[in-house]
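Subject: A structure for you to look at

Hello,

Here is the structure I promised to pass on. Have a look through it first, and then read my notes below.

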Amino acid sequence: MKTILLPFVLLFFVFQSYAQLQSPKDFLGYEPGAQFSRHADVVNYFEHVAEHSPLVEYHTYGKTNERRPLTYAVISSEENIKNLEQIRKRHLANARNEAEADIAIVWLSYNVHGNEASSTEASMKTLYALITEKQDYLENTVVIIDPTVNPDGRDRYANWYNQVKAEPYNTSQAAIEHNEPWPGGRPNHYLFDLNRDWAWATQIETRERLKIYNKWLPHVHVDFHEQGMNEPYYFAPAAEPFHEIITPFQREFQTEIGKNHARYFDEEGWLYFTKERFDLLYPSYGDTYPTYLGAIGMTYEQAGHVGLGINTDEGYELTLTDRVEHHHTTGLSTVEVAHKNAERLNKEFNSFFDNSQLENKSYVLKGNSDKIAALRNLLDRHEIEYGQASSNRISGYVYEQGKSGSFTAGENSLVVNTNQLKGKMVDVLFEPSTKLVDSLTYDITAWSLPYAYGLDAVASKRQVSAENFADRPEIKNTPQASGAGYVSKWNSMQDAQFLAALLKEDIKVRFSEVPFENEGKKFDRGSLVITKSDNRSLEDFDEKVTRIANEQQRELLAAKSSFAGSGPDFGSPEIKVINTPEIAVLRGNGTSSLNYGEIWYFFEQELQYPITSISTDYFSGVDLSQFDVLVMPEGNYSKLLDESGFHNLKSWIRSGGKVIAIGRAVSEFAGKNSLNLKENKTEKDTVSPNLIPYAQRERESAKNLITGSIVKTKIDKTHPMAFGYDDTYFSLKLNSRSFSLLNEGYNVGYLEEPEVIAGFAGSDAIKNLENSLIFGEERLGKGSIIYLVDNPLFRGFWQNGKLFFVNSLFFVNNNKFRL
């Protein structure tokens, strides 16, 4: 009797479960598109669906800096859900040519930019449609939905909008609800653009997401966005340039998906465009990064960046409801095409991972052990395999020389071979220079990791044998009861973190402006000297210093005497006390939110040193005498630094203050009275008739552009800003801005005859960089203005530039300023 009743009982519970399943409208109390949902409401809905549908699993993969959950749902047939782990493993085995697979894997990522908020609303609608209307798609397809890649940015936008919107909503472009305040909802907590962080993995959202992404490596990945309100809808195929690593199938299948979208859009009379603007080159996007891992990576862009409804310039009202419907349609269309081509996707996915045709078989890098360790950390996040070189002499393209030659590998040399699952991604990230079929791109055109990490490297056409990379031995310093103090080297960010940790515990530290020798060991400029004499008030001085050094894994020399074998003794004027600086950073209207975010993140998460952020809204009323350093992010300060404001700032500098100006902020000091900095003029600055045909003007303008190029830069390594560097540095130049060399002051990093190592730079732009400043210092009274024309903190990934910024903070003209 019990056996007979059991099936009916199970059917009853299944029916009850489906009966309790609610649509987004029923659950939220409004139709998606009628309001902006807060992140918590979205999470609640996905949890509800997973609880009431056997076709859905819902997981949390991390938390944001503001403690919001990062989540993803897995949707498929009931049978597939039961065998999900087996499907996943077979899919990865197919990539390794170890098994065949027949299930298509589609990953849909929504709302990476917080104020492009229509896509999260669409994610709920798409989830519900897949399990109620499109179950046939799921028989041979696994769909992964990340409903909100950037919860902190989304809630920043949604909460602001819900606070200021009119009831009913106002369609005027002038209305407050269509004009976000600084910094806007686009970036995450630290104001990073998460859609440009996939490869560099600086942010917690990216790092946690990659752990799950690497477990699946989907066949198709879509990143949902919004663009200008007058631009209807963009979908694949993408624009040129395509990176040469992208296969013909990846190009063709984008077109197939685009044509399927077009069929639905044409039926509804919705406008769209393809093959324009959004290229597939820069590797850190949500379309390119998956593409370089075998996926059909695509960006979908809906007209938006506005509230519930707005009157566009083209005379129609664009509503959130429209935007949601369009993203919902392309989401389902993408799954449909994958479902119909599951066998083909698996076959081509398998073919993608054949790396035998790659020209470069190995990349070998050597240099500072801390920089090697930092690069290894990045490779670990991407689950890229590497080893330690076992051969000594290697032939190939030598990065530092910019030509073919030979390279001697040392015991700490890192080998990254391309005969691995992610070999094509390795090739993209390490190649010396990316080939460009078109100079007009959407982002930077150079990013090669050896340059970014400041490591010597060779690209070899022969595979270099490698052994397992040995773990670094743990450093265990012991306190020395007798002696003059301790000495530590200075040439990496880890050394900077050690200095910051010492200063935060009120330990006085010195640095050397010249090389010296102590206890038979040589130390270069910038080396840290921690003397007992300076720290007499600390009873546990030795224990504190060695504890911090062990925590930071810094090797100390215990100096028995301050008497030098060569060079200055510890008491020499050449070994200067580092006065612990009070640092202020400007933020708010006029400043670049992205650059402020880079600075904020750098201080809090990397250097771990306290700062005071000051808004430009009230900066004029701030007493600067409480600060030693003022950091000015990229921005336009013309309103802030009017005649009165600039006079006050100069007075503070003359009294001993230090300004660090980054990127566009440098322009605020060019041509000002009493300052030496001048901006180089180009031929385009002269007034003349423009006879270039209209259709050619964008192409012609490329002559004056630099789109993220790597430029070989000369360095005065004797200046404190350059301590820890050699006489050559590879700088990431983001634009064509050019300043003349300082006649009075210090040209620390500069170009004489510019040598572009990688990336695009227009002919006129290169010419204008002749004899131009990259990094410099200008003295004004007791203080200094530090010019960082190239932003060394750009997106947090150009690791080799960060020490210039740290040196500027702690070493350059280190006055302890007080009025």
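A word on terms first: pLDDT is the predictor's confidence in each residue, on a scale from 0 to 100, and a contact means heavy atoms within 4.5 Å. This is a predicted model, in which local features need pLDDT of at least 70 and side-chain atom pairs count only at pLDDT 80 or more, while totals for chains, interfaces and linings use all residues. Residues are numbered from 1 along each chain as its sequence is written, and side-chain values use heavy atoms, with hydrogens and water left out.

Confidence

The chain has a mean pLDDT of 93, with 94% of its residues at 70 or more. Residues 1–14 are another matter: pLDDT stays under 50 there, and the model gives them zero contacts beyond four places in sequence. Where pLDDT is low, the predicted coordinates should not be read in detail.

Helices (H or I, at least four residues) and strands (E, at least two) are DSSP runs, numbered from the N terminus. Two strands pair if DSSP finds at least two bridges between them.

Seven bridges hold β1 and β2 (residues 69–75) in an antiparallel pair. Within it, His59 stands opposite Tyr72 and Thr60 stands opposite Thr71. The two strands form a hairpin with five residues between them, and Arg67 in the turn has a positive phi of about 70 degrees.

A five-stranded sheet

Another open sheet has five strands in the order β24-β19-β23-β20-β25, with antiparallel pairing. Here β24 (557–559) and β25 (575–578) stand at the edges; each has a single partner strand, so one side of each is left without a neighbour in the sheet. From one strand to the next, the twist averages 30 degrees.

β19 (residues 485–488) and β23 (residues 528–531) run antiparallel and are joined by four bridges, with Val487 partnered by Val529 in β23. Helix α16 (residues 493–504) lies across β19, β20 (509–512), β23 and β25, at about 25 degrees to β23. Helix α17 (residues 541–551) lies across β19 and β23, running at about 15 degrees to β19.

The second largest pocket

A pocket is found on a 1 Å grid over the protein atoms alone, as an open set of points where a 1.4 Å probe fits, with protein on both sides within 12 Å along at least five of seven lines; its lining residues have an atom within 4 Å of a point. The second largest pocket holds about 670 Å³ of space, a volume being the space filled by probe spheres set on the grid points, which are joined across faces, edges and corners. Its lining has 30 residues, and Lys371, Gly454, Gly724, Tyr725 and Asp726 lie nearest the centre. α15 (449–453), β22 (521–523) and β31 (728–733) each supply at least two lining residues, and β31 gives the most, with three.

Backbone details

Most residues other than glycine have a negative phi, and most peptide bonds are trans. The bond from Trp182 to Pro183 is cis, with omega near 5 degrees, and Pro183 sits in the loop between α7 (151–164) and α8 (204–216). That loop also holds Ala201, which has a positive phi of about 50 degrees although it is not a glycine.

Best wishes

Key. Axes are lines fitted to C-alpha atoms, for helices over the stretch in contact, and angles run from 0 to 180 degrees between N-to-C directions.
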